[in-house]
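The points are numbered and may be read alongside the structure.

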Amino acid sequence: MVRKTADERKDEILRAALRLADELGPDRLTTNAVAEAVGLTQPGIFRHFPTKTVLWQAVAADIADRLQAAWGEARASSATPEGRIVALVDAQLGLIDASPAIPAILFSRELRVENDVLRQSFVGLMTAFHGILAGELTAARDAGTVRQDLDPADGAVLLISLVQGLAMRWSLGGRGFALRPEGARLLTVQMALFLGSAIEGKQS
């Protein structure tokens with residue numbers, strides 16, 4: 001039997017925590033449940049994560065790393081701000097599709113009440129995503145490809161609301177539809193609203 005390295009074991013624990021947060025709900029997740037899932041004792045979990053709070057913070061850090069990597073790839077995938085916005089929204093939905101516990105974590109008591117560091121981590125991620133989207137909308141407005149009266153900060157809020165609302169509908173609906181295609185469809189509608197006046201101005 002090959003002995004796992006500390007990093008391999010930590011990664012295994014994090015994956016199990018996310019899976020169990022989805023299956024049991026974030027507020028019912030226990031270190032005992034995680035230990036059973038990976039074949040360790042509870043003290044074995046604590047050797048890697050001294051408290052459940054620290055485990056949650058590691059989960060948040062892992063999600064942040066994966067999101068930032070996905071954002072980087074999305075921003076490098078297109079030469080236009082509109083293309084980058086589409087890629088960024090798809091990347092966000094792709095991570096939620098791969099880690100369905102994320103919407104539940106965002107609205108959990110663990111996030112809202114129990115763990116301020118966890119809450120601040122997710123607030124920081126949403127603030128960063130908002131800034132990236134607002135920057136792309138500013139670039140599109142400067143290029144004349146979206147309406148000039150669009151406030152990029154407000155537009156970014158609408159895009160984030162699209163992602164969050166769709167993710168919650170998907171989660172509450174038992175994941176009864178394909179998340180990313182539905183996101184692409186709704187984003188097309190939203191982008192058409194952003195483009196409206198710009199298209200009319202070019203035609204007049």
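This is a predicted model: local features need pLDDT of at least 70, side-chain atom pairs count only at pLDDT 80 or more; totals for chains, interfaces and linings use all residues.

**Notes on the helices and their packing**

1. The axes of helix α8 (residues 116-142) and helix α9 (residues 152-172) come within 8 Å of each other and cross at roughly 125°. This makes α8 oblique to α9, since angles under 35 degrees count as roughly parallel, over 145 as roughly antiparallel, 65 to 115 as roughly perpendicular and the rest as oblique. The crossing of α8 and α9 is right-handed; a crossing has that hand if the near helix is turned clockwise from the far one by less than a right angle, and is left-handed if the turn is anticlockwise. Axes are lines fitted to C-alpha atoms, for helices over the stretch in contact, and angles run from 0 to 180 degrees between N-to-C directions.

2. Which residues make the contact between α8 and α9? From α8 they are Met126, Phe129, His130, Leu133, Ala134, Leu137, Thr138 and Arg141, and from α9 they are Pro152, Ala153, Gly155, Ala156, Val157, Leu159, Ile160 and Gln164. Contact means heavy atoms within 4.5 Å. The residues of this contact divide into eleven nonpolar, four polar and one charged. Here Ala, Val, Leu, Ile, Met, Phe, Trp, Tyr, Cys and Pro count as nonpolar, Asp, Glu, Lys and Arg as charged, and the others, Gly among them, as polar.

3. Residues are numbered from 1 along each chain as its sequence is written, and side-chain values use heavy atoms, with hydrogens and water left out.

4. The secondary structure of the chain comes to ten helices and zero strands. Helices (H or I, at least four residues) and strands (E, at least two) are DSSP runs, numbered from the N terminus. The C-alpha trace spans about 70 × 30 × 30 Å along its principal axes. Of the 204 residues of the chain, 42% count as buried; buried means under 20% relative accessible area, exposed over 50%, and partly exposed in between (1.4 Å probe, protein chains only). Among contacts between residues at least 6 apart in sequence, 64% join residues at least 24 apart.

5. At what angle do the axes of α4 and α8 cross? They cross at roughly 10° and come within 9 Å, and α4 and α8 are therefore roughly parallel to each other. The α4 side of the contact is made by Trp56, Gln57, Ala60, Ile63, Ala64, Leu67, Gln68, Trp71 and Arg75, and the α8 side by Val117, Leu118, Ser121, Phe122, Leu125, Ala128, Phe129, Ile132 and Glu136. These residues divide into 13 nonpolar, three polar and two charged.

6. Glu136, which lies in helix α8, deserves a separate remark. Is Glu136 buried or exposed? Glu136 is buried, with a relative accessible area of 5%. Leaving aside its neighbours within four places in sequence, Glu136 is in contact with Arg75, Pro81, Arg84, Ile85 and Leu88.

7. Helix α1 (residues 6-24) has 19 residues and reaches 26 Å from its first C-alpha to its last, close to the 27 Å expected at 1.5 Å a residue. The expected span of a helix is 1.5 Å times one less than its number of residues. The buried residues of α1 are Arg9, Ile13, Leu14, Ala16, Ala17, Leu18, Leu20 and Ala21. What covers them includes α2, α3 (42-48), α4 (52-75) and α6 (101-106). Just after α1, Gly25 takes a positive phi of about 100°.

8. Thr31 is found in helix α2 (residues 31-38) and counts as buried at 6% relative accessibility. Apart from its neighbours within four places in sequence, Thr31 is in contact with Gln42, Ile45, Phe46 and Lys52.

9. Helix α5 (residues 81-98) has 18 residues and reaches 25 Å from its first C-alpha to its last, close to the 26 Å expected at 1.5 Å a residue. Of the 18 residues of α5, 13 are buried, so α5 is largely enclosed by the rest of the structure.

10. Arg175 has its place in the loop between α9 and α10 (179-203). Arg175 has a positive phi of about 55° although it is not a glycine, and Arg175 is partly exposed, with a relative accessible area of 34%.
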